[in-house]
Amino acid sequence: MSSSLTAKHLGFTYRRSSTPALTGVDLRLPPQQFTALLGAAGAGKSTLAMALTGLIPRSVRGRREGTVHLDGRDLAELTAAEVAQHIGIVFQDFESQLFATSVALELAFGLENLAVETTEMRQRVEDYLRLLRLTELRDREPATLSGGQKQRLALAAALALEPEILILDEPTTDLDAASRVEVIRAARWWGGRPRTLVLVEHDTEAVLGPPGGPGADRVVLLEAGRVVVDGPADTVLRDPALLRRHGVRPPQVADVCDRLGLPEIALTVAEAVPLIGSLRPSAGPARARAVPGPAVVSARHLDHEYPDGRTLALRDVSVEIHEGQFTAIMGRNGSGKTTLAKVLSGLLVPDAGQVDVLGRDLRGLPRAEVARQVGYVFQNPDHQLFSATVADEIAFGPRNFGLPDDEVRDRVDAAMADVGLTELRRTDPFLLRKGDRQRLAVAAVLAMGPRVIVLDEPTTGLDERQQQSVMRLLRRLNRADLTVVMVTHHANLVAEYADRLVVMTDGRIVLDGPPEMVFRRRDVLAAASVLPPPVVDLADELRVNALTVDELAAAARVGG
């Protein structure tokens with residue numbers, strides 16, 4: 001029989017904080033229901049997820065009020081082993097729960113701790129490696145995997161325990177489009193029946209799910225630690241004004257309908273076409289693009305293989321990055337995106353081929369000179385932050401260049417102003433929110449004055465407001481002549497901000513051009529696990545030139 005979870009008058013205040021992270025939360029999670037927790041950053045979603053697993057108050061210090069019951073038993077009174085037999089969790093920081101020396105051993109670890117019989121344990125390891133497409137990686141050390149592969153591994157390790165209730169805190173942030181669907185479907189079903197699933201998300205498209213599912217049954221919307229909305233997903237997701245008011249980006253199709261003032265709000269392209277088509281939308285002009293300047297980074301015939309001898313990460317890749325362009329790189333997890341980004345930045349030396357920056361071979365340039373020309377922002381900003389204050393973090397690079405103190409100070413002040421961190425100059429970087437740490441990582445690179453900035457998944461884990469803040473910053477810097485290269489899985493951000501889209505598969509570039517052209521090569525995109533934004537699919541059905549909600553809404557108003 002499936003278990004149920006019930007929170008009653010749940011509150012929690014973290015140690016050394018005077019502001020409650022949760023206040024008066026009443027929530028019942030019946031068996032086999034798929035519930036999505038939505039809300040802006042700081043709304044209390046992750047705190048609630050930890051409370052529902054018993055990590056609060058067992059492992060996280062602070063003051064808890066109220067209770068969480070598993071089938072009538074208070075989680076606080078159960079041992080960790082007892083809870084683990086019923087409830088699993090994948091953390092937002094999924095890397096923090098990976099520590100074994102191989103992928104297969106990572107799956108086996110939890111099973112060993114639950115004393116699962118050896119034959120069954122081996123079978124489960126094989127089953128969940130296959131389910132999450134990790135079989136070929138079974139002997140790899142987790143640290144050598146791509147971000148998306150690590151995220152799938154964290155989920156596989158949780159699924160292998162076969163919990164009746166699974167709580168996922170933003171489990172698809174680093175995954176390609178096909179993997180996002182696979183992961184939610186795998187998490188949802190267990191033993192031929194639906195599992196009780198709680199999904200913490202910022203992306204309403206993931207909550208809605210693809211045609212045919214799986215999509216959420218219910219949405220719980222949090223703000224400032226309180227439940228402000230609790231209702232059927234089909235109803236809540238059709239209220240774009242409500243979602244925007246609480247810092248959540250509405251599904252794109254619903255957003256278009258709302259902006260047009262239609263009497264009905266559609267959630268799918270099929271629902272929206274007859275509603276918007278009746279307005280006879282204008283075809284609309286093609287988006288104007290700035291003429292790119294000369295090549296600032298040129299890569300020719302790149303090959304790269306990692307020391308463990310795995311499949312070539314790059315295979316005969318040639319690409320030029322032009323001055324003033326905003327280039328996005330997309331593709332399946334493990335397709336070579338991050339490897340290419342690191343090679344273009346001089347962080348990796350290719351096994352074959354050559355990279356030139358401003359006509360000079362990177363291999364002949366000192367590392368400091370490379371950093372002056374091409375800056376790199378890691379996927380996880382915490383991997384490049386280490387100083388005691390925000391100001392010291394930004395000053396580190398210019399000081400290493402041997403610049404005079406007054407110039408270092410000017411660069412720090414300018415970079416902090418660029419990213420909006422001036423008021424936090426004396427703050428410890430690790431006390432900042434994720435979005436602010438991301439902006440700090442960008443500022444630390446900007447202070448070195450590069451001609452090109454390369455960013456690997458710069459919006460991972462950020463809510464709608466934080467994503468837009470980072471992306472608007474990048475667009476403003478790009479318009480001020482900074483060349484931008486961004487690795488991402490977020491097609492909607494590519495559609496809105498990028499001039500150019502490069503798509504990779506199996507270490508090769510398979511598409512390269514303006515997003516409006518690349519997004520229409522659906523046959524190649526499907527093989528690369530890239531899905532165009534829903535608004536692009538809707539625009540194509542309506543024969544409208546549009547990549548964003550704003551563009552499609554404007555075309556429909558003109559046509560109507």
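Which helices and which strand each supply at least two residues of the lining of the second largest pocket? The close-ups below, drawn from a predicted model, start there.

**View 1. Elements around the second largest pocket.** Helix 7 (177–188), helix 8 (204–208), helix 11 (252–259) and helix 12 (269–277) each supply at least two lining residues. So do strand 15 (326–331), helix 18 (464–479), helix 19 (491–497) and helix 22. Helix 7 gives the largest share, four residues.

**View 2. Centre and lining of the second largest pocket.** The pocket has a volume of about 1,100 Å³. Its lining counts 47 residues. Closest to the centre are Arg 180, Glu 205, Ala 206, Leu 531 and Pro 534. By class, 22 lining residues are nonpolar, 15 are polar and ten are charged.

**View 3. The buried face of helix 22.** Helix 22 spans residues 534–541. Its buried residues are Val 535, Val 536, Leu 538 and Ala 539. An α-helix has 3.6 residues a turn, so residues three or four places apart point the same way. Arg 543 follows helix 22 and has a positive phi, near 55°.

**View 4. Gln 468 in helix 18.** Gln 468 is buried because its relative accessible area is 8%, under the 20% cut-off. Leaving aside neighbours within four places in sequence, Gln 468 is in contact with Leu 493, Glu 496 and Tyr 497.

Key:
Residues numbered from 1 in each chain as written. Predicted model: local features only at pLDDT ≥ 70, side-chain atom pairs only at ≥ 80, totals over all residues. Heavy atoms only, no water. Buried < 20%, exposed > 50% of the residue type's maximum accessible area, 1.4 Å probe, protein only. Arc of directions from axis to C-beta. 1 Å grid on protein atoms, 1.4 Å probe; cavity = no way out; pocket = protein on both sides within 12 Å on 5 of 7 lines; lining within 4 Å. Points joined across faces, edges and corners; volume = space filled by probe spheres on them. Nonpolar A, V, L, I, M, F, W, Y, C, P; charged D, E, K, R; others polar. Contact = heavy atoms within 4.5 Å.
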